[in-house]
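Student: Could you take a close look with me at one single part of this model? I would like to follow one residue and what surrounds it, step by step.

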Amino acid sequence: NGGGLLGLLKQADEVCAAQMSQVAVQSQAVEDAEEAHVLHILRKHAGSRKPKNRGGQLITCSQEEAEQYLEEIANQLVGLSGEELRTRFSDLARSESDCASAKKGGDYGRFRRGQRELAF
């Protein structure tokens, strides 16, 4: 299956590789500004560290069910780009994420490399 989350990630990797080849000349500037703007949709499961949703209700789904749910969300983003992608992601984060960042459309903020846990 070329779609879904894996397809979206592959597409993003290809775009990133193309962009990196364009900015290779500016490598020093890139090193000085190694920062990421993190947007995410968190779907907790029963084995999560804090298995409660934003409303305080206990989460009962399995990790596999949470992953499948996120795959369905990712499928809704495939083929979108630019502002349309950002708007749709923000809408989905507001309605579907179990993270407090949902209120901000999944915007988790900007971080320098190594500032957050490895998963980011």
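Tutor: In this predicted model, His-45 sits in the loop that runs between strand S1 (35-39) and helix H3. With a relative accessible area of 17%, His-45 is buried, because the cut-off for that word is under 20%. If we leave aside residues up to four places away in sequence, His-45 touches Pro-51, Ile-59, Cys-61, Ser-62, Gln-63 and Ala-66. The side chain of His-45 also has a polar atom that lies 3.0 Å from the backbone nitrogen of Gly-47.

Two of the residues touched by His-45, namely Gln-63 and Ala-66, bring us to helix H3, which covers residues 63-75. This helix has 13 residues and reaches 18 Å from its first C-alpha to its last, which is close to the 18 Å expected at 1.5 Å a residue. Ala-66 is a buried residue of H3, and the others are Ile-73 and Ala-74. Seen down the axis of H3, these buried residues fall within an arc of 100°, and therefore they line one face of the helix.

Not counting residues up to four places away in sequence, Gly-109 touches Ala-36, His-37 and Val-38, and strand S1 spans 35-39. Although Gly-109 and His-37 are 72 residues apart along the chain, their C-alpha atoms are separated by 5.7 Å.

Conventions: Residues numbered from 1 in each chain as written. Predicted model: local features only at pLDDT ≥ 70, side-chain atom pairs only at ≥ 80, totals over all residues. Heavy atoms only, no water. Helix = DSSP H or I, 4+ residues; strand = E, 2+ residues; numbered from the N terminus. Expected span 1.5 Å × (residues − 1). Buried < 20%, exposed > 50% of the residue type's maximum accessible area, 1.4 Å probe, protein only. Arc of directions from axis to C-beta. Contact = heavy atoms within 4.5 Å. Polar contact = N/O pair within 3.5 Å; in protein donor to acceptor, adjacent residues only side chain to side chain.
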